[in-house]
Amino acid sequence: MARMSKKKHRDRSWAPAPEALPADTQVVDNHTHVASVVPFARAMSHEAMEKGQPEVPVYSVDELLQQAASVGVTGIIDCGCELPNLMTAVDMAREHDHVHAALAIHPNEAVHHGHRAAPGPDGLPVKYQPWHDVSFEDALAEVHRLAVTYPKQVVAIGETGMDLFRTGEQAKELQREAFRAHIALAKELGLPMQIHDRDSHKEVIETLLADGAPERTVFHSYSGDVEMAEIARDHGWYLSFSGTCSYKGNDGIRESLRIVGLDHAMVETDAPYLTPMPYRGRTNAPYMIPYTLQAMADTLDMSIAEVACGTRETTRKVYGIE
Ligand SMILES: [Zn+2]
């Protein structure tokens, strides 16, 4: 019941834009899914209409990019991590100067390719999609092909990694193998790698250390604790902070930022999810980045401009983009 009433009152509208970053201060959202924001917003708009809430506009990719630029978020790395979305991210990067792409087969996708994984421990049926008929090897070959064909657009392999949130033992090993294949690919191509790590800190670190991490390894939407941040610092890995670093219970994430410092920290939305405070639960989009920068600035006791410049510099160093 509590759940239902919460849902009923959910606000589907867009959060107001934050104050723009100071003039001449520009940042890059180094991990987002703008291609997914549009259909997500469409669903929100539809729900609002059904509930008799005020109209929720559906913005195009161009409009979302303009909104972001108007608050100082002048670039994005759009992540395509399902086989049918790879080319969408590449096309967006081809059409816009300050858009780049990160490509991979997401860990939760990797296990479905070739219909390999058994259901997880929760017994939920596997949701196969038509593209899961393709073997994992062939799907990853497409990531490889696009990265080589569009070297100016594809600046990272990601998101790859492990996700043990609802994953059974068989899928766990398939994920690990898929992760290893991505590590090898990132190293072969000399590209940075963006890691998705959900409830799998130990397994991800084990695998990175066993195989040897790519030179530029990024934990996207970092969710670890102090101990993990120390390991990352010792290996020169990078942490990318999303809206979760503004959530009340996440002292470990904030302390991790202090440990690695700005020269190993970046900022992201992971939109349409993980909207920063005070708008948690609304639709996320790159224009929301300044809220997360503010949480980082509060954590580091610095100005938002200093944090913006620091993360920008790190982004430039990791991906070689302006
Ligand atoms: Zn993501």
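Student: Where does Thr275 lie in this model?

Tutor: The model is predicted. In this model Thr275 sits in the loop between β8 and α11.

Student: Why is Thr275 called buried?

Tutor: Its relative accessible area is 2%. Buried means under 20%, so with a value of 2% Thr275 is classed as buried.

Student: What makes the pair Thr275 and Asn284 a polar contact by distance?

Tutor: A polar atom of the Thr275 side chain and the backbone nitrogen of Asn284 are 3.4 Å apart. The cut-off is within 3.5 Å, so the distance of 3.4 Å meets it.

Student: Which residues does Thr275 contact, leaving aside neighbours within four places in sequence?

Tutor: They are Tyr247, Arg280, Gly281, Arg282, Thr283, Asn284 and Met288.

Student: Where is Glu268 found?

Tutor: Glu268 is in the loop between β8 (265-267) and α11 (289-300).

Student: Is Glu268 buried or exposed, and how do you know?

Tutor: Glu268 has a relative accessible area of 0%. The limit for buried is under 20%, therefore Glu268 is buried.

Student: Which side chains make polar contacts with the side chain of Glu268?

Tutor: The side chain of His220 does, at 2.8 Å, and so does that of Ser240, at 2.7 Å.

Student: How many residues apart in sequence are Glu268 and His31?

Tutor: They are 237 residues apart in sequence, while their C-alpha atoms are 5.2 Å apart in space. His31 is also among the residues that Glu268 touches, a list including Asp29, Asn30 and Phe241.

Note on methods: Residues are numbered from 1 along each chain as its sequence is written. This is a predicted model: local features need pLDDT of at least 70, side-chain atom pairs count only at pLDDT 80 or more; totals for chains, interfaces and linings use all residues. Side-chain values use heavy atoms; hydrogens and water are left out. Helices (H or I, at least four residues) and strands (E, at least two) are DSSP runs, numbered from the N terminus. Buried means under 20% relative accessible area, exposed over 50%, partly exposed in between (1.4 Å probe, protein chains only). Contact means heavy atoms within 4.5 Å. A polar contact is a pair of N or O atoms within 3.5 Å; within protein, one must be able to donate a hydrogen and the other to accept it, and residues adjacent in sequence count only if both atoms are side-chain atoms.
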